[in-house]
Amino acid sequence: MTMHGHDGADARDGLDALRRAVRRDLGVIGYPRREWVPPRHHDGRRVLDVAIIGAGQGGLATAFALKRGSIDNVQVFDRAPRGGEGPWVTFARMITLRTPKYVTGPDLGVPSLTPRAWFEARYGAQAWEKLDKIPRQDWQAYLDWYRDVLDLPVANDHMFEGVTWEDGLLRLSFCTSAGERRVHYARKLVLATGIEGGGEWHVPAFIRENLPRARFAHTSETIDFAALKGKRVGVLGAGASAFDNAATALEAGAGSVTLCLRRRAIPSVNPYRWMENTGFLAYFYALEDRLRWGFMQRIFELNQPPPQDTFWRCRQHANFAYHTGCPWDDVRMRGEEVVVQTPQGEMTFDFVIIGTGFTVDLSRRPETRSFAHAVALWGERYTPPEDEGSAVLGSYPYLGERYQFIARDPADPLAPMLANIHNFTFSATPSMGLSGASISGMRFGVERLAQGLGRDLYVADGQAHLDSLLAYDTPELISLDPPACDPV
């Protein structure tokens with residue numbers, strides 16, 4: 001989607017002016033101004049105070065929040081090349097964001113850093129007034145600009161492979177895109193790895209095991225939609241991403257697209273719109289377990305529906321069909337056809353797209369697998385009434401109030417390590433509410449996370465700070481003489 005308004009020169013001038021405004025705003029509110037975390041070293045190298053995995057919106061905003069708190073010894077790592085962080089220009093296939101255009105988040109309350117300020121500088125105030133929702137490509141461009149204007153420390157092409165506990169520090173292992181192995185030590189680790197950061201994208205086993213890999217794809221994967229021109233495409237799923245992928249296939253010239261969902265009706269109520277209030281976004285984490293469970297059970301039950309414009313994007317095509325109450329019971333190949341068995345009969349396709357979301361299971365992610373067995377889960381910490389049980393909700397990690405993992409057994413040798421790993425992925429939602437993987441809740445979640453990281457670092461170094469005060473002897477009063485007078 002291309003916006004019109006400013007021409008190239010006007011856009012450059014607008015963004016240059018905005019850059020100056022950002023610098024002024026940050027200068028105005030820049031207090032205190034000096035780094036305060038005592039440096040630590042390991043094998044002659046300075047230890048990172050905070051390492052952040054993921055340079056999408058949550059990771060970048062966390063780095064900025066720490067910078068505002070004068071915690072500067074921070075590094076962000078991302079496996080993607082520059083510009084490919086997050087979903088917005090990779091596997092997200094909606095036209096616009098689903099959140100209202102006036103949403104704020106990464107700006108952390110600084111007006112010149114808001115999406116609106118960037119959009120108006122790029123396209124003009126009139127274009128903003130006419131805008132319904134922010135195009136996803138513009139959101140990525142905004143994040144790229146945000147990273148640059150704030151000079152955030154990001155190392156791209158770094159695949160995070162795992163963490164161990166060594167000498168009271170987190171030992172982080174990486175592999176670069178060039179195949180080089182690198183190790184960094186850190187005191188704190190933030191996992192800002194998005195929706196799938198607590199597990200993996202889910203493809204039902206009967207599909208994985210019965211179909212050739214070339215005949216199916218999950219909505220999170222790269223899909224050659226041009227190759228689907230004239231083909232019969234089946235889509236499994238009830239959520240927005242299933243409809244996004246169906247629409248993309250239709251727009252690429254698919255011969256037909258048939259979407260099937262298990263539910264008796266397409267979800268229509270979006271709980272995210274209800275959640276967009278300061279009370280829930282800022283204070284949900286403080287509720288007792290019973291209430292948090294009740295909130296999340298209802299939110300998960302409702303699911304997030306396709307927005308109206310996304311549904312219409314599919315429905316405008318005569319070769320689009322959808323079937324409610326139509327789970328896929330089995331699939332198999334018959335010659336070159338994909339045959340799907342459903343309660344409504346047999347369906348045949350050339351290619352199928354799976355929009356069945358993700359599974360929360362830390363043991364399925366390489367970077368968390370080594371300590372997954374030690375992490376406390378909701379299903380272990382809270383027993384709901386019999387009619388409110390949920391195996392899905394019970395599989396989520398049960399976090400502390402600073403997003404930190406908690407050990408199942410406090411005596412576990414891994415407990416100190418887990419206390420220094422902060423989970424800012426979607427899997428934090430039952431414990432903390434909307435956070436880094438959600439634009440809607442980012443501002444409140446990032447501020448709480450950054451405050452927690454700073455608190456932990458200060459408390460851990462409490463004696464060193466006291467020693468610094470006891471040794472402080474820089475005089476402010478340097479003369480007891482009368483002020484010098486200029487000779488007449």
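**Helix packing, cores and selected residues**

Helix H2 passes helix H5 in a left-handed crossing. The model described here is predicted.

**Helix H2 against helix H5**

- H2 covers residues 57-68 and H5 covers residues 136-150; their axes come within 11 Å and cross at roughly 25 degrees.
- Angles under 35 degrees count as roughly parallel, and H2 and H5 are therefore roughly parallel to each other.
- On the H2 side, the contact involves Gln57, Leu60, Ala61, Phe64 and Lys67. On the H5 side, the partners are Trp139, Leu143, Tyr146, Arg147 and Leu150.
- By residue class, the contact of H2 with H5 comprises 7 nonpolar, 1 polar and 2 charged residues.

**Helix H1 against helix H5**

- The axes of H1 and H5 come within 11 Å, and they cross at roughly 50 degrees.
- H1 and H5 are therefore oblique to each other.
- The crossing in which H1 passes H5 is right-handed.
- H1 contributes Leu15, Leu18, Arg19, Val22 and Leu26 to this contact, while H5 contributes Trp145, Asp148, Val149 and Leu150.
- The residues in the contact of H1 with H5 are 7 nonpolar, no polar and 2 charged.

**Helix H1 against helix H3**

- H1 spans residues 8-28 and H3 spans residues 115-123; the two pack at an angle of about 145 degrees, with their axes 6 Å apart.
- Asp10, Ala11, Gly14, Leu15 and Leu18 of H1 meet Ala117, Trp118, Ala121 and Arg122 of H3.
- The contact of H1 with H3 divides into 6 nonpolar, 1 polar and 2 charged residues.

**Nonpolar cores**

- In soluble globular proteins, nonpolar side chains tend to be buried together.
- The largest nonpolar core in this model has 80 residues. Trp145, Tyr146 and Leu189 are the residues with the most contacts inside this core.
- H5 supplies the largest share of this core, with 7 residues.
- A second, separate core has 22 residues, among them Ala217, Leu228, Ala254 and Cys314.
- Leaving aside residues up to four places away in sequence, Tyr146 touches Leu60, Ala61, Phe64, Pro106, Asp107, Leu113 and Leu152. Of these, Leu60, Ala61 and Phe64 lie in H2.

- Val235 is located in strand S11, which runs over residues 232-236.
- Val235 has a relative accessible area of 0% and is buried.
- Not counting residues up to four places away in sequence, Val235 touches Ala242, Ala246, Val257, Thr258, Leu259, Cys260, Trp328 and Ile353.
- Val235 and Ile478 are 243 residues apart along the chain, and their C-alpha atoms are separated by 77 Å.
- Thr258 is located in strand S12, which runs over residues 256-260.
- Thr258 is also buried, with a relative accessible area of 13%.
- Beyond residues up to four places away in sequence, the residues that Thr258 touches are Val233, Gly234, Val235, Ala321, His323, Met347 and Phe349.

**Backbone features in loops**

- The peptide bond from Tyr31 to Pro32 is cis, and its omega is near -15 degrees. Pro32 is placed in the loop between H1 and strand S1 (41-42).
- Asn303 is a residue other than glycine with a positive phi, near 65 degrees. Asn303 belongs to the loop between helix H10 (289-302) and helix H11 (308-315).
- The relative accessible area of Asn303 is 29%, and this residue is partly exposed.
- Tyr403, although not a glycine, has a positive phi of about 70 degrees. The loop that holds Tyr403 lies between helix H13 (391-394) and helix H14 (415-418).
- Tyr403 is buried, with a relative accessible area of 0%.

Definitions and conventions. Residues numbered from 1 in each chain as written. Heavy atoms only, no water. Axes fitted to C-alpha atoms, helices over the stretch in contact; angles between N-to-C directions. Helix = DSSP H or I, 4+ residues; strand = E, 2+ residues; numbered from the N terminus. Parallel < 35°, antiparallel > 145°, perpendicular 65-115°, else oblique. Left-handed = near helix turned anticlockwise from the far one by under 90°. Contact = heavy atoms within 4.5 Å. Nonpolar A, V, L, I, M, F, W, Y, C, P; charged D, E, K, R; others polar. Core = buried A, V, L, I, M, F, W, Y, C linked by side-chain atoms within 4.5 Å. Buried < 20%, exposed > 50% of the residue type's maximum accessible area, 1.4 Å probe, protein only.
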